[in-house]
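Reader: Could you take me through this structure, please? I would like to begin with one chain.

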Amino acid sequence: FHGEGYQEGYEDGSSLGRIEGRQHGALRGAKIGSEIGCYQGFAFAWKHLLHSDASERDSRKMRVLESLMGMIEKFPYDDPAYDRLHEDLDRIRGKFRQLCSLLNVQPDFKMSAEGSGLSF
Amino acid sequence: MSWVQAASSTPSAADEEDVFDEEADESLLVQREWRNHMQRRIKEGYRDGLDAGKAVTLQQGFNQGYKEGAEVIINYGQLRGTLSALLSWCHLHDNSSTLISEINSLLDAVGQCEEYVLKHLKSITSQPHVVDLLDSIEDMDLCHVVPDKKKIDETKDERLCENNAEFNKNCGKSPSGKDCSYLERCTTQEHSHSENPNLAWILEQTASLVKQLGISTDVLQHLKQL
C-alpha cells in the first residue's frame, strides 16, 4: 500500500516540483536578465553617443565600454548551471561602475530612477 | 452532527449483536485496525512519493523557468539601459528639463512593464484569468471603468479593453493628452494580448525623443530586434 500511495504522490510531486521550480527559476532568471539587459542597453547607447564625438573614439572611456560589452556578450545570462555566474556578474558590475565614473555618470542615480522594484 | 449518532449507534449495535460473539467482534476490530493501517501506509507512501517526485523535477523546472524568465525580460532591461544612457547624456549636456522628465516617464513605464511581467512569471503555470487581469488593473489603480461586479464574462472584459483603448486614443488626441499617463496605455496594450506588451509603444516614444535630442536613431539600433 505504501507503494500505491507512493506512485500517486510521486506523480503529483513531479508536477508540483516542476511548477514550483519554474516559478522560482523564472524570477531568478528575470532578475539577472533585467540587470544584464540594462547594462547592455546602456553600453550600446553610450557607444553610439561616444562614437559621434571624434575626440572620444579612441578614448579610455571607449576602451572600458568595449571591454564591458565584451564581458556581457560572453556572459551566459540565461544559463542557470553556469558555475561562475556570480563571479562574472560581479566583474561586470565593477566594470559598469568604472564606466559610469569615467562618463561622470552616477550609477546610483540611474538605479534609483528605475523604480522597477528590482534590487541589483 | 450525524457522525455523533453514527459513532454512538455503531458500537451499541455491535454490542447487541456481538455481545456473546467475541470472535466476530475481534475480527471486526482487526479489520478496522487493518484498514486504518492500510490507509496510513497509503498516506505515508503518498507523502514520500510527493517529496521524491518534487525533488526530481524541482531543478528541471527551475532551469526551464530561469531561461524563460531571462529571455522574456532581457528586452525590457535593454530598453531601460538605453533610456538610462540617454538620461545621463541629457544631464551631462544640460538638456531641457522637459526632455529629461519625458525620459523619466518612459523609464517609469518600462519599470511598470517589467513589474507586470514579473507578476505574471510568478503565476506562470496558470493561464491569465479575466478576474486576475481586472484585479491587476485595480491594483494599479488605473482603470476608471472597472465595473463593481465581480462576475464579468469574457465578452464584457473585451468590451472593457476596447473602452479603455478608446479612452486612451482620445487621450492621445486631446490637447490634455499629456495628462494621460503612459501606464494606462501600457495596460491597454497588454490586455490586447500583444506579444511584447507596450514595448513597441515605448520604443516609438524613445525614437521620437532621440530625434528631438538631435541624435541619430542609430543609438537604438540594438533595440530593433524588439
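Author: From the N terminus on, the elements of chain A run α-α-α-α. The model is predicted: local features need pLDDT of at least 70, side-chain atom pairs count only at pLDDT 80 or more, and totals for chains, interfaces and linings use all residues. Residues are numbered from 1 along each chain as its sequence is written, while chains are lettered from A and ligands numbered from 1 in the order in which they are written.

Reader: How many helices and strands does chain A have?

Author: Chain A has 4 helices and 0 strands. Helices (H or I, at least four residues) and strands (E, at least two) are DSSP runs, numbered from the N terminus.

Reader: How do the axes of helix 2 and helix 3 of chain A cross?

Author: The axes of helix 2 (residues 60-74) of chain A and helix 3 (residues 85-103) of chain A cross at roughly 155° and come within 10 Å. Axes are lines fitted to C-alpha atoms, for helices over the stretch in contact, and angles run from 0 to 180 degrees between N-to-C directions. Helix 2 of chain A is therefore roughly antiparallel to helix 3 of chain A, a term for angles over 145 degrees.

Reader: Which residues of helix 2 of chain A meet helix 3 of chain A?

Author: Among them are Val64(A), Leu68(A) and Met71(A). On the side of helix 3 of chain A, the residues include Ile92(A), Phe96(A) and Leu99(A).

Reader: Changing topic, how many residues of chain B are in contact with chain A?

Author: In chain B, 66 residues are in contact with 59 residues of chain A (C-beta atoms, placed from the backbone, within 7 Å). Helix 2 of chain B gives the most to that side, with 50 residues.

Terms used. Contact = placed C-beta atoms within 7 Å. Parallel < 35°, antiparallel > 145°, perpendicular 65-115°, else oblique.
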